[in-house]
Amino acid sequence: MDFGSIDVRDACDDVEETGQATAKAMGTGARALATEAVHAGRDDLARQGLHAPPIDLSTTYPSYDSRGEAARIDAFATDGAEPEGPPVYGRLGNPTVARFETALARLEGTESAVAFASGMAALSAVLLVRNAMGLRHVVAVRPLYGCSDHLLTAGLLGSEVTWVDPAGIEDALRPDTGLVLVESPANPTLAELDLRAIAHACGSVPLLADNTFATPVLQRPVESGARLVLHSATKYLGGHGDVMAGVVACDEEFAGRLRQVRFATGGVLHPLAGYLLLRGLSTLPVRVRAASSNAAELARRLAADPRVARVHYPRLGGAMIAFEIHGDPHEVIASVRLITPAVSLGSVDTLIQHPASISHRIVDAEDRRGSGVSDRLLRLSVGLEDVEDLWRDLDGALGAGRGSGGLRKPALR
Ligand SMILES: *Cc1c(COP(=O)(O)O)cnc(C)c1O
């Protein structure tokens, strides 16, 4: 049995240590991650006599000073900096969304962050920034999230992609390479990359690390040299399966370009979503640690189960598990009763899906299999339920997957 080359017990301990190390790494005077998660983006509230952040639903901002507005618009056109004072128009910026951006930047350890209507809108904006500079070539490592793979492979935004192994990045760089794109742990195989070595290989080309799976609780890619950190905030940052969003954490110079693209192309985040994300961040460290400890235990049990061929669980820890079964994965999906059979991840409830059928369906079958996404692979996003209840459900569904179980009664106590 290949257990994805990890000792799950160590990985589980590491989850704790990473949190503490991150707090220390933030240095004297800086606040620890758990504190930032609760307070960042809200520091002005108490002085205003507020506790919950206000939700600003304005699409436009009245002003009797049109000379002043002209100056603000000119300033935005120059460097994309957040306009001083009210934002003129909702597509230029929104105060509630800005609170979430401030908080996420603090958590990722970047100067800035720019939020979008979805993870794909965020990735599109990054590609458009580089394409507009004539840097249309992207070097990327598979696997990526299925739609990210598709966006690049289909050239929908005019990018040209070269797929490489991590060792091939340096040789693949060209004068028109605008971006190197990686995910670690990767969706859906949970393959992990040496971000520091990759950042080194990138030289002056910006490295974009999709940190959706790890979250800043487990990993802060800018500390390894990534210039851009992408999140599908739809997943762990929101954390409750009820908000769709994306965000890029980066230096202020790149953030300015992203805001200009966001303004011109319109992939803005709704203020209500901004509010929900800020609220989600406050429990992010607690959710990620609790779900990770459930996941480590489930990975351990799956690895010991003869119905399971292979378990992939990151050294970094985290709440995602990928596993290959000997039986029929479609039967497992059809047989869960407590676990939710649905694409997406990072919610408080446990979700299972079959990447070859859903999240990575859009990737050509040969490319998909070639990057380790086997037809027998299942992806489990572990939530906050009791681990014994989860195991009972998974155990029963695996029995069905082997063709020996059939439909069972709900596993709820
Ligand atoms: C879901 C996901 C995306 C896309 O995000 P959306 O919010 O669905 O647009 C990008 N990267 C990863 C790793 C994802 O899991």
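1. In which sense, parallel or antiparallel, do strand S2 and strand S4 pair, and over how many bridges? In this predicted model, S2 (residues 137–140) and S4 (residues 177–183) pair in the parallel sense, with four bridges between them. One point to look up in the viewer is Val-138, whose bridge partner in S4 is Leu-179.

2. Now for the sheet around that pair. Seven strands form an open sheet with mixed pairing, and their order is S1-S7-S6-S5-S4-S2-S3. Its edges are strand S1 (112–116) and strand S3 (160–163), each of which pairs on one side only. From one strand to the next, the twist averages 20°.

3. A helix also belongs in this picture. Helix H4 (residues 95–108) packs on the sheet and touches S1, strand S6 (228–232) and strand S7 (246–250). The direction of H4 makes about 130° with that of S1.

4. Stepping back to the whole protein, the secondary structure comes to 15 helices and 12 strands. The radius of gyration is 22 Å, close to the 22 Å that the globule rule gives for 413 residues, so the protein is as compact as a globular protein of that length. Along the principal axes, the C-alpha trace spans about 75 × 55 × 40 Å.

5. Of the 413 residues in the protein, 51% are buried. Among contacts between residues at least 6 apart in sequence, 73% join residues at least 24 apart.

Note on methods
Residues are numbered from 1 along each chain as its sequence is written. This is a predicted model: local features need pLDDT of at least 70, side-chain atom pairs count only at pLDDT 80 or more; totals for chains, interfaces and linings use all residues. Helices (H or I, at least four residues) and strands (E, at least two) are DSSP runs, numbered from the N terminus. The radius of gyration is taken over C-alpha atoms; the globule rule is 2.2 Å times the number of residues to the power 0.38. A residue is buried if 20 or more other C-beta atoms lie within 10 Å of its own, exposed if 12 or fewer, and partly exposed in between; C-beta atoms are placed from the backbone. Two residues are in contact if their C-beta atoms, placed from the backbone, lie within 7 Å. Two strands pair if DSSP finds at least two bridges between them. Axes are lines fitted to C-alpha atoms, for helices over the stretch in contact, and angles run from 0 to 180 degrees between N-to-C directions.
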